[in-house]
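I opened the model to look up two things.

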Amino acid sequence: MSNQIEGFIKGIVFGGVIGAVIAILYAPQSGRKTREDIDRKTQEFLTKAKKEYEAALKKSGKAYESAVKELKYMESDAKEKVGEMEEKVDELTELGKEAFHDTKGHLTKAVKTAVHAFK
């Protein structure tokens, strides 16, 4: 975005210089009058460039604020999803422990029954 603003400002400056040179070369008036016109046009140009610069600065500030707001939302959303995943992992861990203990109990019972059957 900065390159676009720089390019725009360079274009305004370059266009102003070209216009001033053409005006001087083709001006059918006295040097004093031409200098006054150049001064007036320069002031108009600088005023316009300043307004354009301030508008671009304001627009980029709004874009920055919007990006920060969106990033904060995304961060909050990501934290929420991580919390949900942690809860699911905890649930699955508990289910795994229960299944392990159930299987262990069944296996222990089966081994005891087998040992008892061989006696």
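**Entry 1: nonpolar patch.** I find a nonpolar patch on the surface made of F8, I9, V13, F14, V17, I18, V21, I22, L25, Y26, Y53 and L57, with about 1200 Å² of accessible area together. The elements giving two or more residues to it are α1 (2-26) and α2 (31-118). The most comes from α1, with 10 residues.

I note the basis. This is a predicted model, numbered from 1 along each chain as its sequence is written, in which local features need pLDDT of at least 70, side-chain atom pairs count only at pLDDT 80 or more, and totals for chains, interfaces and linings use all residues. Side-chain values use heavy atoms, with hydrogens and water left out.

My terms for this entry follow. Patch residues have over 30% relative accessible area and no salt bridge; nonpolar side chains (Val, Leu, Ile, Met, Phe, Trp, Tyr) are joined within 5 Å, like charges within 9 Å. Areas are Shrake-Rupley values with a 1.4 Å probe, and for residues only the protein chains shown count as cover. Helices are DSSP runs (H or I, at least four residues), numbered from the N terminus.

Entry 2: I picked F8, which lies in helix α1.

**Entry 3: salt bridges.** How many salt bridges does the structure hold? I get seven (a side-chain nitrogen of Lys or Arg within 4 Å of a carboxyl oxygen of Asp or Glu). K33, D37, R40, K41 and E44 are linked in a network of them.

Entry 4: I checked R40 with D37: the closest N and O atoms are 3.5 Å apart. Both residues lie in helix α2, three residues apart, about one turn of the helix. D37 counts as buried, at 17% relative accessibility, whereas R40 is partly exposed at 42%.

Next I took E44 and K41, whose side chains meet at 3.9 Å, N to O. This pair also sits in α2 with a spacing of three residues, about one turn. E44 is partly exposed at 41%, and K41 is partly exposed at 49%.

**Entry 5: another α2 pair.** E94 and K97 form a salt bridge at 3.9 Å, N to O. They lie in α2, three residues apart, about one turn of the helix. I read E94 as partly exposed, with 42% relative accessible area. K97 is partly exposed too, at 44%.

How values were computed
Buried means under 20% relative accessible area, exposed over 50%, partly exposed in between (1.4 Å probe, protein chains only).
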